[in-house]
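Hi,

Here's the structure I promised to pass on. Have a look at it first, and then read my notes below.

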Amino acid sequence: MGKRGRTLPNVSGQDCGAGSARVVVAADSRNREAGRALAARLGLGFLDVDAGAPLCSAFILRLGTDGLALCSASERFGPISCEFASGRLRHRHHFGGGFGQGIARAVGFKPGSALQVVDLTAGLGEDAFVLAGLGARVAMVERHPVVAALLEDGLRRGRELAHDAAIAAAIARMELVQCEASDWLQNCTDAIRPDVVYLDPMFPEHNRNAQVRKEMQALQQVVGADGDADALLEPALAVARYRVVVKRARQAPPLGRKPPGFAVSGRSTRFDVYALRRMP
Ligand SMILES: C[S@@+](CC[C@H](N)C(=O)[O-])C[C@H]1O[C@@H](n2cnc3c(N)ncnc32)[C@H](O)[C@@H]1O
């Protein structure tokens with residue numbers, strides 16, 4: 001696991017990050033000690049499920065023997081967890097279109113290219129997993145402690161459970177770095193300078209629609225809007241060797257209102273590509 005670049009606010013209550021929805025860690029008696037330790041590490045409140053304490057939080061980070069999941073107290077959506085070795089992502093890895101996918105064309109993959117990518121807004125690591133599945137080494141930068149905890153847990157379980165050699169190899173190419181993206185860019189040295197910088201900040205609130213999956217809406221409530229994302233583009237352009245790729249809602253303006261060199265558009269999303277030099 002990568003370095004932890006940002007000191008987490010120790011709020012010792014239930015809030016996690018400015019402007020975000022309330023989250024508590026919950027565990028039953030079998031996972032009580034690990035749950036308490038996680039809550040202390042994240043600076044969150046702890047709920048002992050077996051003690052029957054009243055719940056006064058919109059979101060619960062539930063630690064069970066099968067891993068960590070973000071659940072909604074109102075049950076408006078199912079548990080959110082990182083599942084690399086099974087389900088939707090595993091299916092996409094095998095049947096998702098490979099190098100023909102929009103994200104692969106935007107990043108500039110060719111069969112056999114071993115790109116170094118930094119995903120500065122890693123979220124639950126889905127795009128990073130697609131890129132790693134195509135052969136890239138991906139450093140995943142995530143600043144929100146709850147999201148980073150879900151991602152860390154998904155990587156750990158993926159490493160333990162992946163029976164499929166291709167998926168295990170993809171997970172092995174992914175590394176989590178919990179820090180603020182602007183700090184990562186500022187501290188980037190030649191040794192870790194990426195071929196491609198990838199950015200996927202939260203879509204703006206008013207673009208919330210049926211095409212934004214319920215899970216992404218829930219994540220939006222927990223992490224808040226990524227209102228500072230525009231400021232990442234110029235430093236990203238200064239650091240990337242070959243290109244910067246920004247994922248946007250199809251109709252959204254480009255990041256920082258800076259027109260890309262070209263875009264790869266899909267049904268609901270668009271990848272804006274800022275190509276700096278020709279890939280070897
Ligand atoms: C839309 S989600 C990314 C989803 C991701 N592409 C995926 O496929 O799962 C955006 C994520 O970027 C994180 N983020 C936004 N701005 C960031 C920054 N400046 N530094 C680090 N993480 C950031 C947010 O906390 C959030 O988890």
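You'll find arginine 257 in the loop between strand S9 (243-249) and strand S10 (262-265).

Two things to know as you read: this is a predicted model, where local features need pLDDT of at least 70 and side-chain atom pairs count only at pLDDT 80 or more, while totals for chains, interfaces and linings use all residues. Residues are numbered from 1 along each chain as its sequence is written. Helices (H or I, at least four residues) and strands (E, at least two) are DSSP runs, numbered from the N terminus.

Next, helix H6 (residues 165-172). Its buried residues are Ile167, Ala170 and Ile171. Seen down the axis of H6, they fall within an arc of 95°, so they line one face of the helix. (The arc is that of the directions from the helix axis to the C-beta atoms.) Ala165 and Ala166, on the other side of H6, are exposed.

Last, the ligand: 21 residues surround it, and the closest are Thr121, Gly123, Glu126, Arg143 and Ala181. (That takes a C-beta atom, placed from the backbone, within 6 Å of the molecule.) Helix H4 (126-133), strand S6 (137-142) and helix H7 (181-186) each supply at least two residues of this shell.

Cheers

Technical notes. A residue is buried if 20 or more other C-beta atoms lie within 10 Å of its own, exposed if 12 or fewer, and partly exposed in between; C-beta atoms are placed from the backbone.
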